[in-house]
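The stops below are meant to be selected in order.

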Amino acid sequence: MKGQIRVRFAPSPTGHLHIGSLRTALFNYLFAKSHNGKFILRIEDTDRDRLVPEAMGQIIESLEWIGIEIDEGPKQNGKFGPYVQSERVKIYQDIARKLVEKKMAYYSHSSNGQLDNLRNQAIKAKKPFVYRQIFEPETKPKGDNYPIRFKIPSGQTVWKDIIKGKFTTNNQVIDDFIILKADGFPTYNFANVIDDHLMQVTHVIRGDEFVASTAKHVLLYRALGYNLPDFAHLPVILGPDKAKLSKRHGATAVLDYKLEGYLPSALVNFLALLGWNDGTDQEIYPKVELEKKFKLSKVQKSPAVFDQTKLDWMNGEYIRMLDVKELARTIKPYLMEVGFNTSDDKYLEKVAGLDQERLKKFSDAPILMDFFFMEPEIDTKLLSAKDDSSKVKKWLIEAAKIIEKSSQNHDHLQDDLSDLARHLGIKNGQLFYPIRIAITGKTAAPGLFETILTLGIDKSVLRIKKAISLL
RNA sequence: GGCCCCAUCGUCUAGCGGUUAGGACACCAGGUUUUCAUCCUGGCAACGGGGGUUCGACUCCCCCUGGGGUCACCA
């Protein structure tokens with residue numbers, strides 16, 4: 001009988017949080033939530049060369065934005081801290097030395113050149129290259145500035161993955177791998193195992209790329225006398241070309257999605273369905289529901305292609321669910337960024353409401369709504385695209401009169417304009433089309449009458465008159 | 001290349017020996033509508049190939065093919 005479920009998300013701070021890593025974090029989080037467990041954030045900054053100082057902040061910002069609550073981590077601490085590996089090096093060093101004392105590990109004195117040689121020989125002989133202590137040079141230099149290798153025992157290593165099932169690895173194919181680097185920092189394989197044990201992690205849920213090294217980890221657990229956690233390896237996320245999702249596929253940084261104007265709720269929903277489903281036809285899952293229904297056993301074994309189009313659709317779904325006030329508040333910074341005056345909250349709310357069902361992501365707002373905040377650029381050709389400019393001019397003059405008159409009472413504006421169309425012997429669309437162009441500069445826009453009323457009769461009439469002058 | 005994993009519409013997927021192989025996105029057509037969008041209706045579209053096992057295979061087994069992962073003093 002296991003105690004409380006504890007999972008961890010353990011990124012290395014080498015750059016922005018990748019969308020694929022976020023999916024891993026999310027699955028960890030959902031699994032923890034569904035079992036009333038704890039979610040730990042551990043920063044694995046043992047590679048001093050690739051370290052990016054601001055990365056940790058960005059990772060935390062990304063997780064906070066998406067709504068993943070961190071129970072223990074660099075910011076919130078906890079009983080098992082510190083949660084940044086560079087602050088724990090002494091722990092790893094002590095354990096590594098103890099393994100050396102027990103002859104389960106050894107200082108490795110072979111140079112990179114010697115290693116390359118051995119590797120090349122193996123490739124030529126079409127044999128796998130596996131490092132063993134016998135390759136160590138006869139003469140051993142003094143000093144501690146050498147990496148420590150873990151000695152792989154003979155036999156087989158067996159472990160079970162919750163998603164993928166049983167794995168058996170012949171130890172003959174596993175290198176005597178380095179656990180402590182010459183700079184005194186541990187390698188991932190080493191620090192990861194020690195911390196997962198020390199932090200009492202019960203389930204190691206991570207990306208597929210770690211399947212191959214799990215046998216090494218299991219061997220370490222055994223050597224160290226630790227109990228094995230449960231493992232679950234998540235399928236990778238691919239780009240449209242079926243190669244692992246990377247920068248060349250476009251935005252991969254989580255914060256890019258925030259900037260582009262995706263809702264965290266939509267991204268969570270989308271990512272959750274990328275490699276997981278609950279066996280029903282349901283597509284829309286609020287986060288709280290995922291926190292209840294998520295099951296590792298329903299996670300897909302094969303990789304999934306990241307479908308931007310479906311994300312856009314889902315984001316639209318979530319935007320439509322938004323309260324107008326909230327929508328207005330969310331859109332505001334996007335409009336301000338391009339210099340629109342959004343100080344009138346009531347006006348902004350009306351505008352937001354009019355475009356709510358047209359919005360797929362918030363960064364689309366400025367181009368969709370520009371005419372509400374500035375004089376539109378009118379393309380004269382568009383005005384007369386469907387009918388002669390002389391006719392259009394005549395119609396617009398009549399329409400302007402009617403709209404102008406409606407400033408007292410606009411209850412009948414739509415009917416009056418329909419009547420006008422009838423009198424002129426044309427279809428509603430023929431009349432409304434040039435009016436729309438005159439007012440919005442666009443062929444596609446929100447409903448004409450709502451637009452006129454939101455913009456204001458005066459301003460609308462002015463724009464129509466300006467269009468008339470162009471004809 | 002060695003080792004390992006995977007395989008249902010273009011994409012995300014349901015299916016767990018007997019189904020008209022279901023849903024969603026995308027796409028197409030129609031309807032609602034002043035345009036776009038939303039909404040509604042319908043349509044197109046898949047079990048990679050070959051062997052077995054079985055009365056019967058998308059489902060189980062083997063081979064092939066294809067895809068992916070991994071082979072660092074990176075994680």
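The tour goes from domains to a core, then to loops and helix pairs.

**Before selecting anything**

This is a predicted model, in which local features need pLDDT of at least 70 and side-chain atom pairs count only at pLDDT 80 or more, while totals for chains, interfaces and linings use all residues. Residues are numbered from 1 along each chain as its sequence is written, and chains are lettered from A and ligands numbered from 1 in the order in which they are written.

**Stop 1: the domains**

Colour chain A by domain: domain 1 (6-83 + 237-305), domain 2 (86-234), domain 3 (323-372) and domain 4 (380-470). These bounds come from an automatic or database domain assignment.

**Stop 2: the largest nonpolar core**

Select Leu26 and Leu267. These two have the most contacts inside the largest nonpolar core, which has 66 residues. A nonpolar core here is a set of buried Ala, Val, Leu, Ile, Met, Phe, Trp, Tyr and Cys residues joined through C-beta atoms within 7 Å. Buried means 20 or more other C-beta atoms within 10 Å of the residue's own, exposed means 12 or fewer, and partly exposed lies in between, with C-beta atoms placed from the backbone.

Which helix gives the most to this core? Helix α1 (residues 19-34) does, with 9 residues. Helices (H or I, at least four residues) and strands (E, at least two) are DSSP runs, numbered from the N terminus.

Show the neighbours of Leu26: not counting residues up to four places away in sequence, Leu26 touches Ile68, Val268, Leu271 and Ala272. Contact means that the C-beta atoms of two residues, placed from the backbone, lie within 7 Å.

Next select Leu63, in helix α2. Is Leu63 buried or exposed? Leu63 is buried, because it has 23 C-beta neighbours inside 10 Å. With residues up to four places away again left out, Leu63 touches Ala25, Leu41, Ile68 and Ile70. Draw a C-alpha to C-alpha distance from Leu63 to Val254: the two are 191 residues apart in sequence and 8.9 Å apart in space.

**Stop 3: loop residues**

Go to His35, in the loop between α1 and β2 (38-41). His35 has 17 other C-beta atoms within 10 Å, so it is partly exposed. A C-alpha distance from His35 to Pro286, 251 residues apart along the chain, reads 18 Å.

The next selections concern backbone geometry. Most residues other than glycine have a negative phi, and most peptide bonds are trans.

In the loop between α2 and α3, select Asn77. Asn77 is not a glycine, yet its phi is positive, about 60°. Asn77 counts as exposed because it has 11 C-beta neighbours inside 10 Å.

Pro82 lies in the loop between α2 (55-66) and α3 (89-101). The peptide bond joining Gly81 and Pro82 is cis, with omega about 0°.

Lys103 is in the loop between α3 and β3 (105-107). Its phi is positive too, near 65°. Lys103 has 9 C-beta neighbours inside 10 Å and therefore counts as exposed.

**Stop 4: α3 against α5**

Two packed helices are described by the angle between their axes and the distance between the axes. Select α3 and helix α5 (residues 188-198): their axes come within 10 Å and cross at roughly 105°. That makes α3 roughly perpendicular to α5. Axes are lines fitted to C-alpha atoms, for helices over the stretch in contact, and angles run from 0 to 180 degrees between N-to-C directions. Angles under 35 degrees count as roughly parallel, over 145 as roughly antiparallel, 65 to 115 as roughly perpendicular and the rest as oblique.

Show the side chains of Ile91, Tyr92, Ile95 and Ala96 in α3 and of Phe190, Ala191 and Ile194 in α5, which make the contact. By class, the contact has 7 nonpolar, no polar and no charged residues. Ala, Val, Leu, Ile, Met, Phe, Trp, Tyr, Cys and Pro count as nonpolar, Asp, Glu, Lys and Arg as charged, and the others, Gly among them, as polar.

**Stop 5: α15 against α17**

Finish with helix α15 (residues 389-405) and helix α17 (residues 428-440), which pack at about 80° with axes 10 Å apart. The two are therefore roughly perpendicular to each other. Val392, Trp395, Leu396 and Ala399 in α15 meet Leu431, Pro434, Ile435 and Ala438 in α17. This contact divides into 8 nonpolar, no polar and no charged residues.

Glu404 also lies in α15. Glu404 is partly exposed, because it has 15 C-beta neighbours inside 10 Å. Apart from neighbours within four places in sequence, Glu404 is in contact with Ile457 and Val461.
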